[in-house]
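Hello,

Here is the structure I promised to pass on to you.

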Amino acid sequence: MGCLVGAPAIRIRVVPEVAPLFRRRIFRSFRVSASSSSPAESIRVRFAPSPTGNLHVGGARTALFNYLFARSKGGKFVLRIEDTDLERSTKESEDALLRDLSWLGLDWDEGPGVGGNYGPYRQSERNALYKQHADKLLQTSHVYRCFCSNEELEKMKEIAKLNQLPPVYTGKWASATETEVQEELAKGTPYTYRFRVPKAGSLKIDDLIRGEVTWNLDTLGDFVIMRSNGQPVYNFCVTVDDATMAISHVIRAEEHLPNTLRQALIYKALEFPMPKFAHVSLILAPDRSKLSKRHGATSVGQFKEMGLLPQGMVNYLALLGWGDGTENEFFTLDQLVDKFTIERVNKSGAIFDSTKLRWMNGQHLRSLPSEKLTELIGERWKSTGMVAESNGSFVEEAVQLLKDGIDLITDADNALSSLLSYPLYSTLSSPEGKSVLEDKLSEVAASLLSAYDSGEFTNALEEGSSGWQKWVKNFGKALKRKGKSLFMPLRVLLTGKLHGPDMGAGLLLVYKAGICGEVAPASHSGFVTLDERFNILRQVDWDSLNKNDDDNPANVKPATAHVC
């Protein structure tokens, strides 16, 4: 078969050592290598997942690298569904794969839901094509019918194991006569199609990431391309699909590197041009083992549910084995398309660091326009029942105040809950709160209660930020306190916490939340109003606290039972 329309121009060099290749029952050694001079306009890559589960981050990165390569070269990104494993493949898994790829922003030029000139794009719909090419190989004697039973094949493996040899097929039916074959066919004996592998020689490819890779053919026995039930085997399907879809570059995980030997032999036998290969390193866990479920979340869907943005996920996946040669680590998808080259993909394994992923997502989250950020977090708060409406002045101000502590969308829940809560007693009872307590905190509390009871404190909050700042300054002068000795006691008494966002802005929000009705009841949000906070503060037994009587329930009255 000649080059396909749109396929890359590839030169295959065959070096025969004794006789022409693949003649029936004659095995000769040879060496094959491939090189490409593909023009940019003919570049076609594919991502070919199996719909047997969720989209793993390793698969997502492979899809991303294919997408970036195609887009950076002006080529086509093809999505093909490899669903020949009929027992494990499900429509639900396929739908989830498509949703995850779309969520990441990796739109495909050809494939399910899009169509194209090289379809169908599901392997389960291409069986006639596989049968056609398998029969062609049978006619040219590149494959033969094998009638060996499972018991015979197991016995071959046992003998090979005893002799410390690789478990390769012995070739029992490779030299069968036509009469012997017809006798078995007449009896209805099940058979497979086996590919004839030359008994000596080597195959070499120039991997775009790993450089030159060579295999000796004597390590590979005649392998099955069609099962006895008529179903094609993975390596045969992939080769036929890639060739007939004019795929110019195969970018995939390094675990597929051993498959290249079988696939290259099939390419040669069918006279298909061979694509360029690029095998991407595995994604490793921190212990340098292969990343798996035991290490935590590993699928795109899980990270989406955890509150990651697609922008953060894409950026982080791109940096697992690739960099642009600078110190820059922040990239949008468009910037990645502009910067990506396959030559800068590292062949070493990449460590998956969930802490860095979280940090990177935070960078993307905070780079969003304020309107978009408010919309995302507001909708999150409303969906979790923390606020009555997803927009409004309270939500807008709360997002701006809390955003620096939010790396994942789901972090917003704890951030708002912390702002609205008042864990005064647990803070005062903690080791960290001891130094604040010992700094005459009870005296500051008495003065603060006096300011509240007189209306002075509330009037200051009514005036907004300027009123708050003016009040704090006067309050400090009255107590002859400033700096940390003023602000730390105030923070503890007014927020119930030792740390947090800007105290003044936070208190103004708490005050607003108490009068605007935008925050859900305490049972949903943990909200403690300013009035409730001062009531709690009024009932603190300072003498007991100063004696470190942490177990005394009189320190805080039952009114605080809902506050945590």
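To begin with a question: is Arg-538 buried, exposed or partly exposed? Arg-538 is partly exposed, and its relative accessible area is 39%. Please keep in mind that this is a predicted model.

The side chain of Arg-538 forms a salt bridge with that of Asp-453, at 3.0 Å from N to O. Because Arg-538 sits in helix α23 (residues 530-538) and Asp-453 in helix α17 (residues 441-453), this pair ties together parts that are 85 residues apart in sequence.

Another pair is made by Asp-411 and Arg-358, whose side chains meet in a salt bridge of 2.5 Å, N to O. Here, too, distant parts of the chain are linked: Asp-411 belongs to helix α14 (residues 411-420) and Arg-358 to helix α11 (residues 354-366), 53 residues apart. Asp-411 is buried, at 14% relative accessible area, whereas Arg-358 is partly exposed, at 32%.

Glu-254 and Arg-210 form a salt bridge through their side chains (3.3 Å, N to O). Glu-254 is in the loop between β10 (249-253) and α7 (259-269), and Arg-210 is in the loop between β7 (201-207) and β8 (211-216), so the pair ties together parts 44 residues apart in sequence. Glu-254 is partly exposed, with a relative accessible area of 25%, while Arg-210 has 19% and counts as buried.

There is also a network of salt bridges, which links Arg-46, Arg-80, Glu-82, Arg-126, Asp-241 and Asp-242. Across the whole structure, the search found 28 salt bridges.

Enjoy exploring!

Best wishes

Terms used: Residues are numbered from 1 along each chain as its sequence is written. This is a predicted model: local features need pLDDT of at least 70, side-chain atom pairs count only at pLDDT 80 or more; totals for chains, interfaces and linings use all residues. Side-chain values use heavy atoms; hydrogens and water are left out. A salt bridge is a side-chain nitrogen of Lys or Arg within 4 Å of a carboxyl oxygen of Asp or Glu. Helices (H or I, at least four residues) and strands (E, at least two) are DSSP runs, numbered from the N terminus. Buried means under 20% relative accessible area, exposed over 50%, partly exposed in between (1.4 Å probe, protein chains only).
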